[in-house]
Amino acid sequence: MMNDQAVRLDRMRFTKNTTSSRLTLLAIVFDVLYFVLLYRINVEYYYNILMGASILYNLVFMLAAFLSSEGVKNYKQGYSYVLCALGIIQIVRIFILPVPAHNAVVTVGGAEIMAMSQGQFVRVVIYLVASAACLFAAAVVNLSKSRALAAHVAGLQGRKA
């Protein structure tokens with residue numbers, strides 16, 4: 001039993017952390033779904049500086065998340081903190097654009113309608129929460145694996161001396 005654990009830890013020196021990497025890529029997919037759903041809504045409410053900032057943030061998010069997915073492949077602990085920060089920002093984003101849009105009423109063709117319907121609101125919130133959950137899970141998995149690998153490597157170097 002103990003030998004199996006040592007073999008598993010030793011294998012980590014030569015394999016990539018695909019679990020964390022794939023979870024991070026899945027977070028990007030959920031962000032893209034959010035992006036597509038939110039930006040295809042064609043209501044005048046969305047044509048403002050906040051939407052432009054949201055588009056820029058989406059680009060930065062996807063670049064940072066992809067960079068982090070590559071970093072966690074190599075068990076780099078620092079990227080776990082980047083993933084946590086991105087996850088927190090994904091949760092905060094719910095209150096920046098979707099909540100105000102859901103509460104807003106706009107006039108289109110003389111009729112007052114909600115800027116974002118209940119169904120759209122639920123879906124964008126689900127996408128952002130799923131993205132954040134994937135980022136948090138990737139961070140926890142990477143932190144756990146990278147610490148275990150670092151301890152194992154330190155133990156191997158201690159035996160050599």
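**Entry 1: salt bridges**

I count a salt bridge when a side-chain nitrogen of Lys or Arg sits within 4 Å of a carboxyl oxygen of Asp or Glu. I'm working on a predicted model here.

With that cut-off I started at E70 and K73, whose closest N and O atoms are 3.3 Å apart. That falls within 4 Å, so I logged the pair as a salt bridge. Both residues belong to helix α3 (residues 49-73), 3 residues apart, so about one helical turn separates them.

How many salt bridges does the rule give? The count comes to 2. The other entry in my list is D31 with R93, where the N to O distance is 2.9 Å. D31 is in helix α2 (residues 18-39) and R93 is in helix α4 (residues 78-96), so this pair ties together parts that lie 62 residues apart in sequence. Are D31 and R93 buried or exposed? I found D31 buried, and R93 as well.

**Entry 2: overall layout**

I went through the secondary structure next and got 6 helices and 2 strands. Reading from the N terminus, the order is α-α-α-α-α-β-β-α.

For overall dimensions, I checked the radius of gyration. It is 21 Å for the protein, while a compact globule of 161 residues would be near 15 Å. The C-alpha trace spans about 80 × 30 × 20 Å along its principal axes.

Buried residues are 36% of the 161.

**Entry 3: nonpolar cores**

As a reminder to myself, nonpolar side chains tend to be buried together in soluble globular proteins.

Which residues have the most contacts inside the largest nonpolar core? That core has 15 residues, and the ones I wrote down are Y34, L38, Y46, L97, M116 and V124. The elements giving two or more residues to this core are α2 and α6 (118-160). Helix α6 provides the largest share, 5 residues.

Leaving aside neighbours within four places in sequence, L97 is in contact with Y34, L38, L50, M51 and S54.

There is also a second, separate core of 11 residues, and A27, F61, V72 and L135 are among its members.

**Entry 4: T24 and L83**

I looked up T24, which sits in helix α2. T24 is buried, with a relative accessible area of 0%. Skipping neighbours within four places in sequence, I get contacts from T24 to A65, S69, L83, L135 and A138.

L83 was on that list, so I followed it up. It is in helix α4 and counts as buried at 0% relative accessibility. Which residues does L83 touch, not counting those up to four places away in sequence? My list for L83 reads T24, S68, V72, L135, A138 and A139. I took one C-alpha to C-alpha distance from L83 too: T19 is 14 Å away in space and 64 residues away in sequence.

**Entry 5: the hairpin**

Strand β1 (residues 105-108) pairs with strand β2 (residues 111-114), antiparallel, over 4 bridges. Which residue in β2 stands opposite V106? I find I113 there.

**Entry 6: a phi check at Y75**

Most residues other than glycine have a negative phi. With that in mind I stopped at Y75, a residue other than glycine whose phi is positive, near 60°. Where is Y75? I placed Y75 in the loop between α3 and α4. Its relative accessibility is 10%, so Y75 counts as buried, the limit being under 20%.

Note on methods. Residues are numbered from 1 along each chain as its sequence is written. This is a predicted model: local features need pLDDT of at least 70, side-chain atom pairs count only at pLDDT 80 or more; totals for chains, interfaces and linings use all residues. Side-chain values use heavy atoms; hydrogens and water are left out. Buried means under 20% relative accessible area, exposed over 50%, partly exposed in between (1.4 Å probe, protein chains only). A nonpolar core is a set of buried Ala, Val, Leu, Ile, Met, Phe, Trp, Tyr and Cys residues joined through side-chain atoms within 4.5 Å. Contact means heavy atoms within 4.5 Å. The radius of gyration is taken over C-alpha atoms; the globule rule is 2.2 Å times the number of residues to the power 0.38. Two strands pair if DSSP finds at least two bridges between them.
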